[in-house]
Amino acid sequence: MQFREALSFYTWLMVGIYLLVQLKYRLAVLGCFIGPLAFIMSLAAFAFAAGREEIPPALKTYWLPLHVTLAFLGNAVFALAFGVSLMYLLQEYQLKSKKMPSLYERFPSLETLDRLNYLFLVWGFPLMTLGIITGSMWAGVHWGKYWSWDPRQISSAVTWLLYGTLLQGRIAAGWHGKKAAVLTIVGFAVVLGYFLWGDYLFPSRHGGRFE
Amino acid sequence: MGLNHRTAPVEVREKVAFESSLLADSLKRVCSLPSIQEGVIVSTCNRVEVIVAASDGETAARELKGFLAEQEYPEGHGGLDSHLYTYTADAAVRHLFRVAASLDSMVVGEPQILGQIKDYYFAAHEAGTVGTILHRLFHRSFTVAKRVRTETGIASRAVSVSSVAVDLARRIFDRLDDKTVMLIGAGKMGGLVARHLQGSGVSSLMVTNRTFERAVELAAEFRGNPIRFEDYPRYLTLADLIIGCTSAPEMLLERESVERVLKERKRKAMFFIDLGDRRNFDPRIHELDNAYLYNLDDLEGVARENLKGRKAEVHKAEEIVGEEVTAFLRWLESLDQVPTIIALRQRLEEIRKREMEKSLGTGLKELSERQREALEDMTAAMINKILHAPITHLKRQGRDEDEAVYIEALKKLFDLGEK
């Protein structure tokens, strides 16, 4: 799997899930956030050279597509959580500053945005967990070790802990509103940042570079 | 033709206005004027207008002036003429569309005018003074109003204090029907906002007042639950929206106590609306997470901004009106039924000729001259028989409001578009 393919696949999943959510919740305005995000990622996907890179036979197992799909699904759901959290902060800022420009007129209420944040978290977290488990199963089969402190694995663990804490906080301690929105945004920033630049900053065996 | 809040003072409008009991009679009188075929009268507190369909605008205007002059008129204020405006043809269509879309209202975007126009249209319809043209014109104006409302921001912005409060509540809360309002104090403004919230779905209301008897009275008025003044802090955890409208000199709620309440509520959002003469609620409450505090000045500020915003949307609305005026005029031109009948005849005649030629050239080659003639007569007669009923129907005199629909249907069904 090449980086550009990964990016395209991810974008496709994200937009797909958004459309599903849109069907149920009539949340067209979320498209204002998902749209540009999808655009930038598609653009990035094009920017990467399209050299053919054969997947080594060693990587061709059932674990790999399963891992990629689950991890991407989880992250795509988190992208939506990110979108609604951003909207929450904007709407909250509006209310606090007592200024109401017209752009935000069609924003859903804080309560709705907060509930969606929870919904996405509840769906995204198990998907991400399964993604990490299948990933480590695959690593166990092919690298001989389930956990090798690979930078990608570490970053996954960090975001998993972050989202886990948030979900736990929401369920047990009743965290919500601004706090939940900020944590969701931070979590997604880590995921996205690592997804886009991680391989350059911390070369790992994951991603496009197979050894 | 008419006068409105800009051209005539209220004393004049009041006098000239049509009494609803005499409306049907007035409508009939308008339509009995020689040059006028159809008429609708709109008479609200801000405008008195007579909208008519006439073949000759100038004559009709003269006759209408005479008709309006029969209305009562107050002393002074110059002549009636000085307050009247007259629009004809496309300007008249545009005017009605603008009025229906509330672009001509005192408060631009307020929706009542549309309902009023609808009422007066139906009154005229009942009186039998509406024909094809006004029928179409008014229904188009309802559509224009709807388009303006949904496609521009003109009506979506709250411009009164209580509607701003409801608007803000909707930004905070997903739905209002499962929320609880606490009304503290008997101030008039507070009651107004509470009413507005109830109108928007809030069903649970607690009322408290320094004198319990007054609280009971208010509770009965609002179908809410009265609460003793010394008890209300205990009930705060249940309240999602808190309206303060007392003239108390001291602050009712401090930031610290609200913070405690929020903790008890698991930080569920609270919306404080301070309408007191002096501050009822500590302004620092607004600094708390999940608590929002707006006072009367804030609400008025938002309302003012919204009103400015409405005005900015006007040009968009004017564009919609422009489009619709053009579309209506095009329809008006196509209304003439004669060309349609001719076109229909021609179309069928063409078909008949073509098919005759085809058959005579092939299968019916052997026919004698006489037989050919008989066939010609028979097919022509068939066409006439087929066309007889529809044409009589179209030509039938009288105010058949469906006529335009039939003409249009014919054009569509037989592809009689402009060539």
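Biologist: How many residue pairs are in polar contact between chain A and chain B?

Modeller: The model is a predicted one, and the count takes in pairs in which both residues have pLDDT 80 or more. Between chain A and chain B, the number of residue pairs in polar contact is 18.

Biologist: Which element of chain A gives the largest share of the side that touches chain B?

Modeller: Helix H3 (63-97), helix H4 (110-142) and helix H6 (177-201) of chain A each give two or more residues to that side. The largest share is six residues, and the element that supplies them is H3(A).

Biologist: How many charged residues are on the side of chain A that touches chain B?

Modeller: By class, this side of chain A holds six nonpolar and eight polar residues. Asp, Glu, Lys and Arg are the residues that count as charged. On the side of chain A that touches chain B, the charged residues number seven.

Biologist: Which residue of chain B forms a salt bridge with Lys98(A)?

Modeller: Three salt bridges are counted between chain A and chain B. In the one formed by Lys98(A), the closest N and O atoms are 2.5 Å apart. A salt bridge requires such atoms to lie within 4 Å. The partner of Lys98(A) is Asp298(B).

Biologist: Is Arg171(B) buried or exposed?

Modeller: Arg171(B) belongs to helix H7 (residues 161-172) of chain B, and its side chain makes a polar contact with the side chain of Gln91(A) at 3.4 Å. The relative accessible area of Arg171(B) is 8%. Buried means under 20%, and therefore Arg171(B) is classed as buried.

Biologist: What is the area buried between chain A and chain B?

Modeller: The contact draws 21 residues from chain A and 24 residues from chain B. The size of an interface is often expressed as the accessible area lost when the parts come together. Carbon and sulfur atoms give 43% of that area here, and the total buried between chain A and chain B is about 1,800 Å².

Biologist: What share of the residues of chain A count as buried?

Modeller: Chain A has six helices and zero strands, in the order α-α-α-α-α-α along the sequence. Among its contacts between residues at least 6 apart in sequence, 78% join residues at least 24 apart. Of the 211 residues of chain A, the share that count as buried is 47%.

Biologist: What is the accessible surface of chain A?

Modeller: Carbon and sulfur atoms account for 72% of this surface. The accessible surface of chain A comes to about 10,800 Å².

How values were computed
Residues are numbered from 1 along each chain as its sequence is written. Chains are lettered from A and ligands numbered from 1 in the order in which they are written. This is a predicted model: local features need pLDDT of at least 70, side-chain atom pairs count only at pLDDT 80 or more; totals for chains, interfaces and linings use all residues. Side-chain values use heavy atoms; hydrogens and water are left out. Helices (H or I, at least four residues) and strands (E, at least two) are DSSP runs, numbered from the N terminus. Buried means under 20% relative accessible area, exposed over 50%, partly exposed in between (1.4 Å probe, protein chains only). A polar contact is a pair of N or O atoms within 3.5 Å; within protein, one must be able to donate a hydrogen and the other to accept it, and residues adjacent in sequence count only if both atoms are side-chain atoms. Contact means heavy atoms within 4.5 Å. Buried area is the accessible area (1.4 Å probe) that two parts lose on being put together, summed over both. A salt bridge is a side-chain nitrogen of Lys or Arg within 4 Å of a carboxyl oxygen of Asp or Glu. Accessible areas come from the Shrake-Rupley method with a 1.4 Å probe; for residues, only the protein chains shown count as cover.
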